[in-house]
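This report looks at a cavity and at a helix contact. The sequence and structure come next.

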Amino acid sequence: MDSDSLSDPLVPYVPATAVQSAKIVIAGYLGVGKTTLVGSVSQVEPLRMEERITDASVGVDDLRRTPHKTDTTVGMDYGRIHLANGSLVLYLFGTPGQTRFRDIWEGLTEGALGALVLVDTRSLEDSHAVLEFLEGQEIPYAVAINGFADAPQYPLHEVRQALSLEDHTPLTTLDARDRHSSVLALIALVEYLIARRAPVPLVEPLP
């Protein structure tokens, strides 16, 4: 799959060339960039279900990495992107980051073909709950490191080891604000999902 649609403008309709579609979950811990990524790649006006962060979050949600964060996703983010010259449509569903929204995670992942998990090198340990959830739901995933300006940079093999990722699990880097790198991460996920498909068994002709 190529990246020939990276510069497509907002398109409020599904192109007539679409022959395949897939539901993809954008997952990750609180403040890792899920809402930003959906907004940067979506070719429709993204849907955001956010609320203001209040004192009720104190002691419940870990905001140390994002002290200036004023809103948080409490339902989902939604967007849509067309790839492969419009023949493939991805419906993107961003999850809330907090584990207390596990019931919403379960609803959003139902019927999903795969997930793109965003991680932050400043708190890789926070990603384990998300990865374990997806594995429990048997949803294949790729992982993308969102490159925050003040985040330490590690070799990919060290991040893979820290997250206990299998060798076959795609691990990439991106800037969630940048459409190009974000779409490339989605393409890496889609290519992984295609490669996982079991070949159709041959049917022997009747004698």
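## Lining of the largest cavity

In this predicted model, helix 3 contributes the most to the lining of the largest cavity, namely three residues. Helix 3 covers residues 128-136, and the other elements that supply two or more lining residues are strand 1 (20-28) and helix 2 (102-109).

The residues that line the largest cavity are Val-25, Ala-27, Thr-95, Trp-105, Thr-109, Val-130, Phe-133 and Leu-134. By class, this lining has six nonpolar residues, two polar residues and no charged ones.

## Cavity count and volume

Rolling a probe the size of a water molecule over the atoms shows where empty space is left. The structure has one cavity of 30 Å³ or more. The largest cavity holds about 40 Å³ of space.

## Contact of helix 1 with helix 5

Two packed helices are described by the angle between their axes and the distance between the axes. For helix 1 (residues 34-41) and helix 5 (residues 179-196), the axes come within 9 Å and the crossing angle is roughly 100°. Angles of 65 to 115 degrees count as roughly perpendicular, and helix 1 and helix 5 are therefore roughly perpendicular to each other.

On the helix 1 side, the contact is made by Leu-37, Ser-40 and Val-41; on the helix 5 side, by Arg-179, Ser-182, Val-183 and Leu-186. The residues of this contact comprise four nonpolar, two polar and one charged.

Key. Residues are numbered from 1 along each chain as its sequence is written. This is a predicted model: local features need pLDDT of at least 70, side-chain atom pairs count only at pLDDT 80 or more; totals for chains, interfaces and linings use all residues. Side-chain values use heavy atoms; hydrogens and water are left out. Axes are lines fitted to C-alpha atoms, for helices over the stretch in contact, and angles run from 0 to 180 degrees between N-to-C directions. Helices (H or I, at least four residues) and strands (E, at least two) are DSSP runs, numbered from the N terminus. Angles under 35 degrees count as roughly parallel, over 145 as roughly antiparallel, 65 to 115 as roughly perpendicular and the rest as oblique. Contact means heavy atoms within 4.5 Å. Ala, Val, Leu, Ile, Met, Phe, Trp, Tyr, Cys and Pro count as nonpolar, Asp, Glu, Lys and Arg as charged, and the others, Gly among them, as polar. On a 1 Å grid over the protein atoms alone, a cavity is a set of points where a 1.4 Å probe fits but cannot get out, and a pocket is an open set with protein on both sides within 12 Å along at least five of seven lines; lining residues have an atom within 4 Å of a point. Grid points are joined across faces, edges and corners, and a volume is the space filled by probe spheres set on the points.
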